[in-house]
Amino acid sequence: MGILEKIAEIEKEIARTQKNKATEYHLGLLKAKLAKYRAQLLEPSKSGAAKGEGFDVMKSGDARVALIGFPSVGKSTFLSLMTSTASEAASYEFTTLTCIPGVIEYKGANIQLLDLPGIIEGAAQGKGRGRQVIAVARTSDVVIMMLDATKGEVQRALLERELESVGIRLNKSKPNIYFKPKKGGGISFNSTVTLTQCSEKLVQLILHEYKIFNAEVLFREDCSPDEFIDVIVGNRVYMPCLYVYNKIDQISMEEVDRLARKPHSVVISCGMKLNLDYLLERLWECLALTCIFTKKRGQRPDFSDAIILRKGASVEHVCHSIHRTLASQFKYALVWGTSTKYSPQRVGLNHLMEHEDVIQVVKK
């Protein structure tokens with residue numbers, strides 16, 4: 001029996017098993033087996049097959065955003081509208097057959113936007129170049145899931161399931177579980193909160209399924225067996241996702257209002273160029289970038305060329321982005337902006353910068 005058949009059999013078994021106190025151990029074991037088989041499925045085949053055309057694009061700019069969606073939902077039209085890159089768009093499916101990059105220039109940052117081929121059901125198993133598409137999505141900072149507003153919630157549920165099965169967790173934070181395999185001493189299990197979804201026996205069963213017999217486990221929050229399996233496997237990617245409903249000019253106002261009120265959702269129309277500016281604002285929030293401007297002594301700040309860093313960056317990060325030796329020669333910095341109590345404030349390397357702050361570095 002192949003891996004795909006085993007996965008299908010376990011999924012059927014999970015679907016027909018009732019969820020109650022008596023079956024939780026059985027379900028936990030089935031989920032652990034399912035995660036193991038899916039990991040095997042993602043491993044590249046060892047047979048020396050001929051290498052095809054390269055699919056991934058070199059990372060450039062300050063952030064990377066992947067466009068994922070079913071065929072003919074408007075991904076290529078969106079790329080052509082937002083960037084200066086022209087991606088072929090037509091009324092038939094699978095117009096885009098490879099990864100096409102473009103660059104959005106917004107608030108001084110260059111954001112790389114990747115137009116990926118349409119995903120079909122079963123992409124996680126490798127159908128329709130699905131594995132390559134999902135592999136590129138794993139390397140991005142934010143996923144934009146393009147959905148057809150006329151198709152309802154069907155597309156969203158299918159795409160979420162495909163991405164979940166290959167270890168991409170959308171709009172979720174990493175489970176707060178401490179897990180460390182040891183050489184000996186058995187399994188030590190502790191929790192700082194009351195657990196309602198996992199028990200010590202279930203944790204041991206899942207670890208034994210992965211042939212781990214000595215480990216230290218500490219639950220700092222009430223997590224499900226699925227989240228504990230994610231911690232054991234350790235190759236899960238947690239990333240923000242924006243659900244973008246395109247073609248809103250073809251549905252009723254009530255339906256547009258309902259979709260727009262969903263969490264992490266934006267409604268747009270590429271054909272009529274509606275709401276694209278708001279989508280860029282939401283994308284900027286998801287990327288959590290900050291612009292920092294530099295200033296030379298006795299001169300005005302240079303607002304034409306910003307340093308783009310992640311939110312929560314310190315003065316030390318700014319020094320490294322200017323030149324790698326600057327931090328070692330650093331004496332102090334003068335900062336103007338919202339991160340200071342008064343302007344200019346004399347700060348050290350650990351001072352946290354905020355959006356649109358101005359900095360002047362003084363060397364020893």
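**View 1. Contact between helices H6 and H7 in a predicted model.** From H6, the residues in contact are Leu-202, Val-203, Ile-206 and Leu-207. They meet Pro-225, Phe-228, Ile-229 and Ile-232 of H7. By class, this contact has 8 nonpolar residues. No polar and no charged residues take part.

**View 2. Packing geometry of H6 and H7.** H6 spans residues 200–209, and H7 spans residues 225–233. Their axes lie 11 Å apart, at an angle of about 40 degrees. The crossing of H6 past H7 is right-handed.

**View 3. An open sheet of 3 strands.** The strand order is E6-E8-E7, with mixed pairing. E6 (177–181) and E7 (187–191) are the edge strands. Each of these two pairs on one side only. From one strand to the next, the twist averages 5 degrees.

**View 4. Pairing of E7 with E8.** E8 covers residues 215–219. E7 and E8 run parallel and are joined by 5 bridges. Ile-187 has Ala-215 in E8 as its bridge partner.

**View 5. Helices H6 and H7 on the sheet.** H6 packs on the sheet and touches E6, E7 and E8. The direction of H6 makes about 135 degrees with that of E7. H7 also packs on the sheet, where it touches E6 and E8. The direction of H7 makes about 45 degrees with that of E6.

Methods: Residues are numbered from 1 along each chain as its sequence is written. This is a predicted model: local features need pLDDT of at least 70, side-chain atom pairs count only at pLDDT 80 or more; totals for chains, interfaces and linings use all residues. Side-chain values use heavy atoms; hydrogens and water are left out. Axes are lines fitted to C-alpha atoms, for helices over the stretch in contact, and angles run from 0 to 180 degrees between N-to-C directions. Helices (H or I, at least four residues) and strands (E, at least two) are DSSP runs, numbered from the N terminus. A crossing is left-handed if the near helix is turned anticlockwise from the far one by less than a right angle, and right-handed if clockwise. Contact means heavy atoms within 4.5 Å. Ala, Val, Leu, Ile, Met, Phe, Trp, Tyr, Cys and Pro count as nonpolar, Asp, Glu, Lys and Arg as charged, and the others, Gly among them, as polar. Two strands pair if DSSP finds at least two bridges between them.
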